[in-house]
Amino acid sequence: MNIHFIAIGGSAMHNLAIALKEKGYHVTGSDDAIFEPSKTRLEKRGILPNEMGWFPEKINNNIDAVILGMHAHADNPELAKAKELGLKIYSYPEFLYEQSKSKTRVVIGGSHGKTTITSMILHVLHFHQKDVDFMVGAQLDGFDVMVKLTEENDFMVLEGDEYLSSTLDPRSKFLLYQPNIALISGIAWDHINVFKTFDDYIDQFRKFVATITPGGSLVYNEEDEEVVKVVEGAENYFRKMPYRTPEYEITDGVVNLITSVGHIPLSVFGQHNLLNMEGARLICQQLGIMEEEFYDAIMSFKGASKRLEKVERNDGAVLYKDFAHAPSKVKASVGAFKEQFPQKKKYAFLELHTYSSLNPVFLEQYAGAMDGVEEAVVFYSEDALKIKRMEPISPDMIKTSFKNPNLRVFTNAEDLHAYWDMLNKTEGVYLMMSSGNFGGLDLTK
């Protein structure tokens, strides 16, 4: 097949392009800007565009399918040409479904934890040499790519995102997968730029549950009230498998699961990670992995990339970076950090730079999110607000929304970096939460 990607450089899109190239497809693509690591990874496979920009002349009747990325706008000239020729145009999730519709599809959904749970499942399967197709939102140890597609594998494990599918398709991505086995880790309002009310956001999960195939199964977090409401309100038939936080203890800084097969030492920490682990265990159970086999494998799981990931520093300082930016994720990460390092001075840094997190209405969701640490710092860029054409936000508004008058708030990178440079990193432990990079801050120094 000849496949063309419009916006090939995206994190998800370039991984799918690589997966299809490795499957034997002829892959081409375009983009107006491609950054690392996408650029090098595409170049290595010989599918990096020769020049940046959109070129309608690339679109012809020899193309079997066009895959449209979220980065591409509705007036994209290549998209217009594809429509004119009547070519089949897929969104990213649509094409993944096409590739997996003859397989047993396992879809991991939730406002938080879905990347970690998917990563745990794949780690365990990889440990036991059980090969599956997959799509995950983070780079994993032992895996070259974030998407794998084959003809022969029986299972496809998919991280299920509730965000929009493409500029042509406003449906949530996970509504297109039709899972045989599904999981919901938790529901907390996110993507306020798309889902204007909490009920509108919750409705995506109601619809997701309705897409579970007849006789399928749903693993769900019974400690989350909103999840329980969604499950109890479902009208279709599926097997319900609830889970909750397992018993554990922390000894000499190591988290030990208390299980029927003994104490299991872990390489990760945080109650939310243990909850994620329990969900992953029930999914793996349905894929033929027994309880003891699961624990044998999960001991070596060190976390998904940028999810409470320890940063190696020459000075020996204890520093973790975390992708957390939504309120529920920030609260979970800060809570885990406080529990893991009760006797240490704790510094927590948070960068606000998504549309939701910079929205004054949504900011109130962060109330208390950074309480209980000795030094709490929030950074946002006033320039970013201007670029996004959003209303100005004051540091006082941030402090009021977080209900933390002692919060340090920085609005430009230079001041943040100056504060960072004056800190003695070996005197405490550091949690750096952002889906960005704190204005170019080097966490290794």
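**View 1. The open sheet of the predicted model has 6 strands.** The order is β15-β16-β20-β17-β18-β19, with mixed pairing; strands are DSSP runs of E with at least two residues, numbered from the N terminus, and two strands pair if DSSP finds at least two bridges between them. At the edges stand β15 (309-310) and β19 (408-410), each with a single partner strand, so one side of each has no neighbour in the sheet. β15 pairs with β16 (residues 318-322) in the antiparallel sense over 2 bridges. Glu309 has Lys321 in β16 as its bridge partner.

View 2. Helices are DSSP runs of H or I with at least four residues.

**View 3. Helices α5 (residues 114-127) and α9 (residues 291-298) cross at roughly 100 degrees.** Their axes, lines fitted to C-alpha atoms over the stretch in contact, with angles from 0 to 180 degrees between N-to-C directions, come within 9 Å. The two helices are therefore roughly perpendicular (65 to 115 degrees). Met120, His123, Val124 and Phe127 in α5 meet Phe294, Asp296, Ala297 and Ile298 in α9; contact means heavy atoms within 4.5 Å.

Residues are numbered from 1 along each chain as its sequence is written. Local features need pLDDT of at least 70, side-chain atom pairs count only at pLDDT 80 or more, and totals for chains, interfaces and linings use all residues, while side-chain values use heavy atoms, leaving out hydrogens and water.

Technical notes: Parallel < 35°, antiparallel > 145°, perpendicular 65-115°, else oblique.
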